[in-house]
Amino acid sequence: EFINTNQSITEGGEMKKLIAILTAALLICMGTAFGEVITKLKANSDIRIAILAHFSHVPAWVPVQKGIDDAAKSLGIKVEVSGPSDFSVAKQVTMFQGKIAAGVDAIASTMPDPQAFNNVTQEALKLGIPVMSVNADAPESGRLAYVGQSNFMAGYKVGKHLTDLIKGGKVMIGIHSLGAKNLQDRIDGIKKALDEGGDFESKVVEVTTNLVRAQTLVESWYQANKDAVAMLGVEEVSGIAIKKTIERNELGDKVIGASFDLVKDVVQGIKDGTMTYTVDQQLYMQGYMTVQALYLKVRYDISPADIDTGATIIDKSNIESAMFLAENSYR
């Protein structure tokens, strides 16, 4: 069969021209559409996110705040952080209502009570304000997602670590705020591990959020229970008070001290032997990822998902690396 080579070349050239024209037209349309999308999106500088916390006044909040600040700075958005000066669910709910009234774009809140945040969360969602929980969760509230530790499993891990070290005895469990659901979950996890792992007698002691008062209460408990084998804090206030009591009474070789979080006193206690271990819930991550998730929801309507920030046991074997990061408020 005869093939006209010149005609084939000409047709091929025309086809290439047509493809180039169509491609250019498509790119122009895509660029226009992209420009329209960007124009319709809320500017980063106009986005306001509110974060409410029941423990913003205690040392463990420092890495959370750093995570929030770093995320806000990287995104160029406004993040407002507030919380009661002491543990008060009622005050926190009132603050939550205030943020709704102020018309913020999104809200994240610690939810230390399983029911108290239900109504305000639903009110916000009905108004189109996305809500997430952080650090302390209340699943029945209808919040879109939770960023934080599985508190029961973290408590279980703390209790299990103790049962790996000893097989029985009197144990104090310190808590700064009775009624805080996340802290009670930790206690429940510890007790389950102790029940499974040996012959333990545990006593829960409320120490308040005041560090001076906490030290007095822990010291008083120990003086009345000198046969104690361990003192465990389910947050950093009781953890610091435990460290001070062990240090003051030179109990490093006699009483196991444990805490939650990587605050300075607890970290130093592990290094110098007055504390045995703590558990890291990666608080920086809780602040950073919460802001990121709410930003994506507000700007692009990307739905947030639950993030478990983990429960890592920190003891003498890994304290050096953890200490460096804790000193710089990343853990």
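User: How many aromatic pairs does the structure hold?
Analyst: Some ground rules: this is a predicted model in which local features need pLDDT of at least 70, side-chain atom pairs count only at pLDDT 80 or more, and totals for chains, interfaces and linings use all residues. Residues are numbered from 1 along each chain as its sequence is written, and side-chain values use heavy atoms, leaving out hydrogens and water. Rings of Phe, Tyr and Trp (its six-membered ring) pair if their centres lie within 6.5 Å; planes under 30 degrees apart count as stacked, over 60 as edge-to-face and the rest as tilted. On that basis, the number of aromatic pairs in the structure is 5.

User: Are the rings of Y284 and Y288 stacked or edge-to-face?
Analyst: Their centres sit 5.9 Å apart. The planes of Y284 and Y288 are at 25 degrees, so the pair is stacked.

User: How far apart along helix α10 are Y284 and Y288, in helical turns?
Analyst: Helices here are DSSP runs (H or I, at least four residues) and strands likewise (E, at least two), numbered from the N terminus. Helix α10 covers residues 283-300, and Y284 and Y288 are 4 residues apart in it, so their separation is about one helical turn.

User: What is the angle between the planes of Y295 and Y300?
Analyst: Y295 and Y300 form an aromatic pair with 6.3 Å centre to centre. Y295 is buried at 7% relative accessibility, while Y300 is partly exposed at 39%. The pair is edge-to-face, with an angle between the planes of 90 degrees.

User: Which residue forms one aromatic cluster with Y284 and Y288?
Analyst: Y284 and Y288 are the stacked pair from above. The one cluster they belong to also takes in Y330.

User: Which helix supplies the largest share of the lining of the largest pocket?
Analyst: On a 1 Å grid over the protein atoms alone, a pocket is an open set of points where a 1.4 Å probe fits, with protein on both sides within 12 Å along at least five of seven lines, and lining residues have an atom within 4 Å of a point. The largest pocket holds about 240 Å³ of space, and L262, V263, K264, A326 and E327 are the closest to its centre of the 17 lining residues. At least two lining residues come from each of α2 (61-75), α9 (264-272) and α11 (319-327). The largest share, 4 residues, comes from α9.

User: What is the volume of the second largest pocket?
Analyst: Its lining has 15 residues, with D137, A138, P139, K181 and D185 nearest the centre. Helix α6 gives the most, with 3 residues. A volume is the space filled by probe spheres set on the grid points, which are joined across faces, edges and corners. For the second largest pocket, that space is about 200 Å³.

Terms used
Buried < 20%, exposed > 50% of the residue type's maximum accessible area, 1.4 Å probe, protein only.
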